[in-house]
Structures are given as structure tokens and as C-alpha cells.
Amino acid sequence: MRVHVISSVVTITDTSTASAVHSPPAAAHDAAAEQKWTPRLWGVLAVLCAVLFLDGLDVSMVGVALPSIGTELGLSTTSLQWIVNGYVLGYGGLLLLGGRTADLLGRRRVFLIALAVFAIASLVGGLVDDGALLIVTRFVKGLAAAFTAPTAMSILTTTFHEGPARNRALSVFSVFGASGYSSGLILGGLLTSFGWRWTFLTPVPLAILALVAGIALIPKDRPAAGGGHDLVGAATLTGGMLLAVYTVVSAPERGWLDPLTLGSVVVAVLLLAAFVITENKVAHPLIRLGILRIGTIVRANLSIVALFGSYLSFQFMMTLYLQEVLGWSPLKMALALLPAGLLVAGGSPFVGRLIDRYGTPRLILTSMTSLTLGYAWFLATAGNAPHYAFTILPTMLLLGGGFAFGFSSIMAQATDGIDDDEQGLASGLVQTSGQVGAALVLAGVTALVAGGSHTGTGAADFGQYHPGVNLVTGVAVVGLALNFIPLMRRYRPKHV
């Protein structure tokens, strides 16, 4: 699921660091040559890597624990999706504001405060006995990640000089994110065997250690001299998306023509319209809407919705099916889904070379093709009792390959050709699109699965999940068409 944490922060750079990242070539090379990797420098990198590792670890561990959480707290499938979407929407809704806040208040201060909030929310989440409170803690943790992610990247790019030192640091940084997600699947399976609360409590001491080390090692920095927040934009975007997801999830049970449903739709539309109006009027908008006039940027943002939305939703369904329907242990389920995570962790570092050789359009098309084939294979072979070796494993391999090819390529396309002072905006925008879009797709899948919960004919029946798989397949097909048509136009023969 939150493979978005694996590589997202590697490409999120707030605009305040643009001058540091893009220093004059001669000065950059001189600085890179002079910078020595002191123990303190290694310590700063270790703190940043530990926080990225924790993000990936936390997300995958909680995903494994969902069925156990639902059983103990009496949560329905609809409620369980909010444990996922609460985090996703908190992260996506305030990601752009997080980088700007670091500009104004100082990177070190924002990073440490957000890390402390993450630790506290983890502790509370492991102790509560109420589903609603648990969802609130997940939303708060998403908010914390929205500040730690761009701030960690800013600290890294301002601590390590442009050139070999920074490239080396980024390489280590991204490996820790990928290994955190993969490790979380296994550790989550083990911990959930003792009780799901351990998946929330385990990150607490690790976060505290990282916080203490960060206080000691991360150098102090000065806040920006000017600028401002777009608090209205952040509030209207987050509120509008939360209400939109709630409407999609609750409408099938309540009815689309129910007054409360219609009222929710109206308020969500008004909030999102207010966001657009705000962005056109404030001095420091979260999103400069003019950037959406660039076709490649729009395709990248829609492609990340197809990638995140389909992948996150499919993993959510498989987590519930393998544990709740087939009765698999959390560890067995985690091992079943691990191949996709291993492909992402192992393949992502090599995608940069492929981008240089083939370009982002071809790799994104390859990614969407792999995703579509994975879901299509599952639909064609699953029936009402999908076999692991014949159906689930090939699907996970195709999805892992699709994610490995797609994520870095989409991020590169989303920032290609953008001015230096808008690189942070472009990378933050595509991350926000991915999180918010994934939340909406998951909400739709949850509504379909909940609506088909009484259609099964046997204890091991997959029938109730088929509508959800149909939806994620459709999302992947749209992503495929979105990238196939422009590429074919580019290579269409010109008639003389």
C-alpha cells in the first residue's frame, strides 16, 4: 500500500531548497569534492533513513493486521478501509502544506515535532479500544507523515552537497524506504500473531530513538524570511476529499438519493470549488493551477491515481480474503504478498537507467500494461477460489513489476521540464494526486465489496470481491489507454 512512502520523499523537494539543490555547477563540484562523510553526517543520514523506514514499516504492518483489528473491535469492511484511508487522506491532504511549513518555521523544528506526533499517535493507536479513535490516530499519523516526508528530503538536500555525496545519500535513503515496506509485511505477520496492537506499539520506541538522535545530530536552520501559508487551501482540499470518500463509502448502504448523501455531495463539491478559487487568489497557493495546462503533467498525475488506486485496493481485498475467508495466518498472508514488495525494492534502483535509455512514456506504458495483465490474469483464472501458485502469485509478480517500472517513471515525467523553483510543487502535486486518488478508488472498491458481502455461496468463496477486482481492473485499463494513445500519436506515420 504505502509504497508511496518508499520513493515518494526521494522526489519531494520544497521550493525553499531550490537554490541549494541547484547551485552553480563549479561551486557544486567544489563543495562535493570537499565534503567528507563525518560520523555526524552519517548520523544525520541514519536519522532520516530511520524515519523513512518507520513510515514503510508502519504502513505494511497495519495492512497485515486489518482483519485482526476488525475481529477484535467489531469493525466492518467499510470501517476497516478508513484505517487505510484515514492515513492516506491525512498524508495527501497536507503534503503540499508540509513543505511550505518547513520553509516558514524551519526544517529541523518541523521534522522533530512531526516525528514526536507520529510516536504519540502510534502509542495511542495501540492502546485504544474504540474503532473511531483508532481511525483518528491513523489520520493524525498521516498528517505527521505529510510534514516528515518533505522536511526529511529538504534536510537531506541541504546537508549533503550536490553531486556524488548527495547521490550516495539518496541511494541509501531510498533503499531504507523499500526495505521498510518489505520488512513490515513479515514483521507485521509475526507481531499480529501475538496481537494486532503490537503493530502500532513497535514503532514507538524506534521513533523515540530517532527523535532523540535527531535533536542531537540535525543541524539548526533559519526559517525563511518571508512567505505565508495557504491554510484555507489545505483545509478545503482535505475537507472536500474526506467528505467525498465518506460519501462514496456510505452511499450504497444509505442510497444515492438519500438527502444526507445528496447533501454530502453538494458540500464536497463546494469545498473543492472553494479550493480552486482559493488557489487562484492567494499569494502563496498550495498549487499553481496553471501547471495543470501541461499535458505530460496531467497524464503523470492521472497515471499515479491508476497505479496507487488499483494496487492499494487490490492488496486491501487480498488481505481480507486470505485471512478472513481462507483463514490464513497473518504471517502466511504476508509471505503470500511479499513477492510484489521484493520486486519493488529490488527493481526500483535500476529504473533510472531505463528512463535514460527508453524515456518515461514507454516505461509508464509498460507499467500500466503489467498492471492490467496482472488484474486480467486474476479475473480470468480466479473463479470463486483462486489458487495461490496459479493465480495469486503471478498476479503479485505482475503488479510488483508494474509498480517498480511505474512509480519512478511517473515521478520523473511529473517533474520533467519544470522550472527549478517549481520542482517541489510538481513532485508534491503528483504525490497528492496519488494519495487522494487511491483513497477514492479504495472507497469505491470497499462499497462494492460491502454490497456483495451476502452473495457468497461457500466458506472459501471469492464472489463478493469480484466487483472490486473489476473496478481496479477498469482503473488500470484507463491508465493504460491514457498512456497508449498519446504514444501512438507520436509514432503515427505522417502522410506526405
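The report below describes the chain as a whole and then turns to its parts.

## Basis of the model

This is a predicted model, in which local features need pLDDT of at least 70 and side-chain atom pairs count only at pLDDT 80 or more, while totals for chains, interfaces and linings use all residues. Residues are numbered from 1 along each chain as its sequence is written, and side-chain values use heavy atoms, with hydrogens and water left out.

## Overall make-up

The protein chain has 18 helices and zero strands, where helices (H or I, at least four residues) and strands (E, at least two) are DSSP runs numbered from the N terminus. Of the 496 residues in the protein chain, 55% are buried; buried means under 20% relative accessible area, exposed means over 50%, and partly exposed lies in between, with a 1.4 Å probe and protein chains only.

The accessible surface of the protein chain comes to about 19,800 Å², and 67% of it belongs to carbon and sulfur atoms; accessible areas come from the Shrake-Rupley method with a 1.4 Å probe, and for residues only the protein chains shown count as cover. Among contacts (heavy atoms within 4.5 Å) between residues at least 6 apart in sequence, 85% join residues at least 24 apart.

## Helix α10

Helix α10 covers residues 203-217, and its 15 residues reach 20 Å from the first C-alpha to the last, close to the 21 Å expected at 1.5 Å a residue; the expected span is 1.5 Å times one less than the number of residues. The buried residues of α10 are P203, V204, A207, A210, L211 and G214. Seen down the axis of α10, these buried residues fall within an arc of 125°, so they line one face of the helix, the arc being that of the directions from the helix axis to the C-beta atoms.

An α-helix has 3.6 residues a turn, so residues three or four places apart point the same way. The exposed residues L209, V212 and A216 are carried on the face of α10 turned away from its buried side, whereas the cover over the buried residues of α10 includes α4 (39-73), α6 (107-127) and α9 (197-201).

The 23 residues of α12 should span 33 Å at 1.5 Å a residue, and the end C-alpha atoms of α12 are 33 Å apart, which agrees. In α12, the residues T261, S264, A268, F275, T278 and E279 are buried, and the buried residues of α12 pack against α11 (231-254). One of them, S264, has a relative accessible area of 8% and, leaving aside its neighbours within four places in sequence, is in contact with L243, Y246 and T247.

V265, also placed in helix α12 (residues 259-281), counts as partly exposed at 34% relative accessibility. V265 belongs with W256, L257, L262 and V269 to a nonpolar patch on the surface, with about 520 Å² of accessible area together. Patches are made of residues with over 30% relative accessible area and no salt bridge, like charges being joined within 9 Å and nonpolar side chains (Val, Leu, Ile, Met, Phe, Trp, Tyr) within 5 Å.

## Two buried residues elsewhere

V128 lies in the loop between α6 and α7 (131-159) and is buried, with a relative accessible area of 11%. Not counting residues up to four places away in sequence, V128 touches L133, L134, W196 and R197; the C-alpha atoms of V128 and L73, 55 residues apart along the chain, are separated by 9.8 Å.

S433 lies in helix α17 (residues 423-451) and counts as buried at 18% relative accessibility. Not counting residues up to four places away in sequence, S433 touches N301, I304, V305 and A438.

## Salt bridges

A salt bridge is a side-chain nitrogen of Lys or Arg within 4 Å of a carboxyl oxygen of Asp or Glu, and by this rule the count comes to four. D58 forms a salt bridge with R138, the closest N and O atoms being 2.9 Å apart. D58 lies in helix α4 and R138 in helix α7, so the pair ties together parts that are 80 residues apart in sequence; both D58 and R138 are buried. D58 also forms a salt bridge with K141, with the closest N and O atoms 2.5 Å apart, and D58, R138 and K141 are linked in a network of salt bridges.

E72 forms a salt bridge with R197, the closest N and O atoms being 3.2 Å apart. This pair links distant parts of the chain, with E72 in helix α4 and R197 in helix α9, 125 residues apart. E72 counts as partly exposed at 47% relative accessibility, whereas R197 is buried, with a relative accessible area of 18%.
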